[in-house]
Amino acid sequence: MIINDSKLKKKAQFFLFGISFVVYFSILCLSCYLKPAQKGITIAGSTSIQPFADQWAEVFMSRFPEKVVNVQGGGSSAGVQAAITGASQIGMSSRELKPEEKVLTEFIVAWDGLVIIVHPSNPVDNLSLEEVRKIFAGEIISWKEVGGFAKTIHVVTREEGSGTRVAFQEMVMGQRRITKKAIVQDSNGTVREVVANDPYAIGYISLGLVEGRVKAIRLDGLEPSVENIVEKKYRLVRPFILVTNSVPHGIVQDFIQFILSEEGQNLIQKQGLIPARLVKKGQSKEE
Amino acid sequence: MRGKENREKLIQLFLLTIALSAISILALISIFIFTEGLPIMFRHGFKKFLFSLDWYPSEGYFGLLPMIIGSLLVTAGAMVIGVPLGLAGAIYLTQFSSKKVRNLVKPMIELLAGIPSVVYGFIGVVILVPFVRENFGGPGFSVFTASIILGIMILPTILSISIDSLMALPPSYREGSIALGATQWQTVRMVLLPAARSGIIASLILGLGRAVGETMAVIMIAGNATALPRSILDPVRTLTSNIALEMGYVSGEHRQALFATGVILFIIIMILNTMANLTSKRMAS
């Protein structure tokens, strides 16, 4: 009898578990169909812009607690797609829009310099645009050819589709392809990490992310600095663009206005970005 | 009495549903991958996907051969490192060590399986990559580095399942062999390993599966270059890292090409699994 009892108990327990599982599961499924309460806006896209968007959103929300901004990554192309389909109200792109994407309303919110970086111990500190192109195309394969060690150059690039890579491709490589032998890393941070650890590596990252562990290369003798970019001397400059699929209104409008306000622009200037007003559009295309 | 029977049937039905849902998830995933990945392969031709060396997805070149070879190389390298270590460890811990040592060492090695792969990748980047670069040459991100890290990652799988299958053998096998005058090593080699082979092969299959499928650690340490590696010190890209690296940005054909990568990975894993199953069956008969 006692044994039977405990068996029954076990069965009952099992049943309870089963039932609760089914209930839980159906709630889970149901919740997929329920629309989440509309609370604020979503901004998604370029991982290069994301950290800055996070800051803007943080300050914006502390100012207007009732206006919620969700920041998501995903990459430039995904961000533009999301803005077109309406999955997010604002898309972020760190490359120029393609012709078929021009249906969107664009706002240039900042400018970013692209910097060629090497290891601090590397004696090379100046390269011409042509040399950079040849190094990344795999034609110059030894540092010796550009005045450095007699060592093979380890080219580090970003993955296909990355906004930073697209910008580098357009501004430096032109029609040339980046060598297949290049090491591929999937963020600005990891490129910097690789170059900071490898004396023979070369890579490219955002100006705002350059720090002491890597050395910024002068391009045709020009230091990649905010001053040189503003004075239109340093040419590797790309826009950070926000896109919306209609004329913005409501929170979207407030948020973009905040970003373009002096306060919003000061916020990113501290991080090494160049405020939108300091550079005219189209400058990066001047050659 | 009838109430009991009904209850029994109900439980059966309930368990059946759960079992079916597991299978249906597998079916859904396969259908999804194939419907997303196959059209582009038909459009461009299988040959282009399987045998072309050029991966320039934005220009419409989708050659996956470097990644296929990359996946196979890295997996083979991991097996070369992980299998001897795992087997030797299992043999030592079951046959030669004291129970105390086994009870101490086995859980510690199993703990290795609980370390997230991103941590392995991080350790690889910080310690192993510079070490390989300084002592062996090349950029450090390489087939070799990835093989070492993956070999360590599959070690706990191989070791713990091999130990379990060796321990599951009836003690009379070992005792009989020793009684006949065989040395301990002869016993292991000629009696115990053949008797436990199905479990050991299962451990190898699981290890293989983990090595082929590992993504995060490989992205961090393999270098991900799309060129065909010329030596084990060259960087390499695997099928899994190809998907994970470019997934974030893709749209259109590029996206479908990544699903096609998934299709090929799927097929490769099926082939490896079938091969392993066949060998284990053949060895059993």
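In this predicted model, the lining of the second largest cavity draws its largest share, four residues, from α5(B). That cavity has a volume of about 50 Å³, and four cavities of 30 Å³ or more are counted in the structure.

- Two helices, α6 (188-197) of chain A and α5 (117-136) of chain B, each contribute at least two residues to the lining of the second largest cavity.
- The residues that line the second largest cavity are A:Glu193, A:Val194 and A:Asn197 from chain A, together with B:Val125, B:Val129, B:Pro130, B:Arg133 and B:Phe141 from chain B.
- Sorted by class, the lining of the second largest cavity consists of five nonpolar residues, one polar residue and two charged residues.

**The largest cavity**

- The volume of the largest cavity comes to about 110 Å³, and of the 14 residues in its lining, those closest to the centre are A:Arg165, A:Thr179, A:Val184, B:Thr226 and B:Arg237.
- Six nonpolar, three polar and five charged residues make up the lining of the largest cavity.

**The largest pocket**

- The largest pocket holds about 840 Å³ of space, and its lining is formed by 32 residues, with A:Lys98, A:Glu160, A:Val166, B:Ser58 and B:Glu59 lying nearest the centre.
- Three helices, namely α3 (76-85) and α5 (163-173) of chain A and α12 (252-284) of chain B, each supply at least two residues of the lining of the largest pocket.
- Of the lining of the largest pocket, α5(A) gives the largest share, which is four residues.
- The lining of the largest pocket divides by class into 13 charged, 11 polar and eight nonpolar residues.

**The second largest pocket**

- In the second largest pocket there is about 550 Å³ of space, and the closest to its centre among the 26 lining residues are A:Thr152, A:Ile153, A:His154, B:Pro139 and B:Asp234.
- By class, 15 nonpolar, six polar and five charged residues form the lining of the second largest pocket.

**The two domains of chain B**

- Chain B is assigned a domain 1 that covers residues 2-44 and a domain 2 that covers residues 55-284, and the C-alpha centres of domain 1 of chain B and domain 2 of chain B are 29 Å apart.
- To the contact between them, domain 1 of chain B brings 11 residues, while domain 2 of chain B brings 12 residues.
- Between domain 1 of chain B and domain 2 of chain B an area of about 1,000 Å² is buried, and 75% of that area is given by carbon and sulfur atoms.
- On the side of domain 1 of chain B, the residues that lose the most area to domain 2 of chain B are B:Ile33, B:Glu36 and B:Ile40, which together account for 43% of what that side buries.
- The number of salt bridges between domain 1 of chain B and domain 2 of chain B is two.
- A salt bridge joins B:Arg43 and B:Glu253, with their closest N and O atoms 3.0 Å apart.

Terms used:
Residues numbered from 1 in each chain as written. Chains lettered and ligands numbered in written order. Predicted model: local features only at pLDDT ≥ 70, side-chain atom pairs only at ≥ 80, totals over all residues. Heavy atoms only, no water. 1 Å grid on protein atoms, 1.4 Å probe; cavity = no way out; pocket = protein on both sides within 12 Å on 5 of 7 lines; lining within 4 Å. Points joined across faces, edges and corners; volume = space filled by probe spheres on them. Nonpolar A, V, L, I, M, F, W, Y, C, P; charged D, E, K, R; others polar. Domains from an automatic or database assignment. Contact = heavy atoms within 4.5 Å. Buried area = accessible area lost by both parts, 1.4 Å probe. Salt bridge = Lys/Arg side-chain N within 4 Å of Asp/Glu carboxyl O.
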